[in-house]
Amino acid sequence: MAVRIVSGIIGIAVAAFVIQTGGAVFCAAVLLLVLTGWHEYAQAFRHKNISPAYWSGMAAAVCFFGAAYLRRADLLAAAVTVFSLWLMLQAVLFHRSFSVPQALVSVAGVMYVGLPFAYLILLRFWHAGETVPTPMGEMEIGCAWFWLAMIGTWASDTFAYFSGFAFGKTKLCEELSPKKTREGFYGGVVGTAVSVAAIGHSMGYAVLPMFALGVAIALVATVGDLVESAVKRYTGIKDSGTLIPGHGGVLDRFDSAMYVIPFVYYFLRLMEAWG
């Protein structure tokens, strides 16, 4: 427990520095995370004797990252198309050593791992140069919304844990995550909604839509957590990796954020479209 707490504190400090610094530091951190995440994904499925197209997946992750770095949605869509078709084509070109299940797991992996981390870039640099007020003073709008998404994710996990510890009786999805309870989930929803509403209000947004966003973030974060639990249960592993002492790997720590970050990004786009 002590190792988990210490590494957690260090992790939050490093994350705060990277997010606030932005620029090349943030981009380099995201690139490291996505490559590590893909490695963990490939290793997990090797436990089931299914070896994804490792280097093609690495190349896909780099291309997705590059398109996001350039803020080019058209290039991101092109990269998704090319690599999806290429990975499936490998089952034809290399059919003696690369099966259709391997191809399908590879496509799923680059979508599951590569795309969400690309959205970390897109959200952090949303309307770069524009600022909004926050409790910490003026902040770039993308940075502020990135913090809102991450704090909402952490709030969901934290409130769910303590609510489940205090009141948990009914299992939420015992087959995938035995420790999760419905009572914990409800506590996570309420806690996240209040947290996001408070942060959003401090940024100058109306409370009601921010409260609704908080509810949605709690739902999406829980889904992300359960998806990774399903992958781990299927592949028979306890943790996706050992990068973070006491916390597991990249996919263990970012499972909820991998769903929340794209969701918040498109929430922002809808807000902008609706004026």
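This is a predicted model: local features need pLDDT of at least 70, side-chain atom pairs count only at pLDDT 80 or more; totals for chains, interfaces and linings use all residues.
In the second largest cavity, the lining residues divide into six nonpolar, three polar and no charged. Good morning.

The lining is formed by Val34, Trp38, Gly57, Ala60, Ala61, Gly109, Val110, Val113 and Gly114. Two or more of these residues come from each of α2, α3 and α5, and α5 gives the largest share, four residues.

Let us turn to the largest cavity, which holds about 50 Å³ of space. Which kinds of residue line the largest cavity? Six are nonpolar, one is polar and three are charged. Among them are Glu40, Glu228 and Lys232, together with Tyr41 and Tyr112. Here α2 and α8 (207–235) each supply at least two lining residues.

I move now to an open space, the second largest pocket, with a volume of about 200 Å³. Of its 13 lining residues, Arg71, Ala73, Leu122, Tyr265 and Arg269 are the closest to the centre. The helices α4 (73–93), α5 (100–124) and α10 (257–274) each contribute at least two residues to this lining. Nine residues of the lining are nonpolar, one is polar and three are charged.

Finally, please consider isoleucine 50, in the loop between α2 (23–46) and α3 (54–69). Is isoleucine 50 buried or exposed? Isoleucine 50 counts as buried because its relative accessible area is 13%, and the cut-off is under 20%. Leaving aside residues up to four places away in sequence, isoleucine 50 touches Phe45, Pro101, Gln102, Val105 and Tyr234.

Notes: Residues are numbered from 1 along each chain as its sequence is written. Side-chain values use heavy atoms; hydrogens and water are left out. On a 1 Å grid over the protein atoms alone, a cavity is a set of points where a 1.4 Å probe fits but cannot get out, and a pocket is an open set with protein on both sides within 12 Å along at least five of seven lines; lining residues have an atom within 4 Å of a point. Grid points are joined across faces, edges and corners, and a volume is the space filled by probe spheres set on the points. Ala, Val, Leu, Ile, Met, Phe, Trp, Tyr, Cys and Pro count as nonpolar, Asp, Glu, Lys and Arg as charged, and the others, Gly among them, as polar. Buried means under 20% relative accessible area, exposed over 50%, partly exposed in between (1.4 Å probe, protein chains only). Contact means heavy atoms within 4.5 Å.
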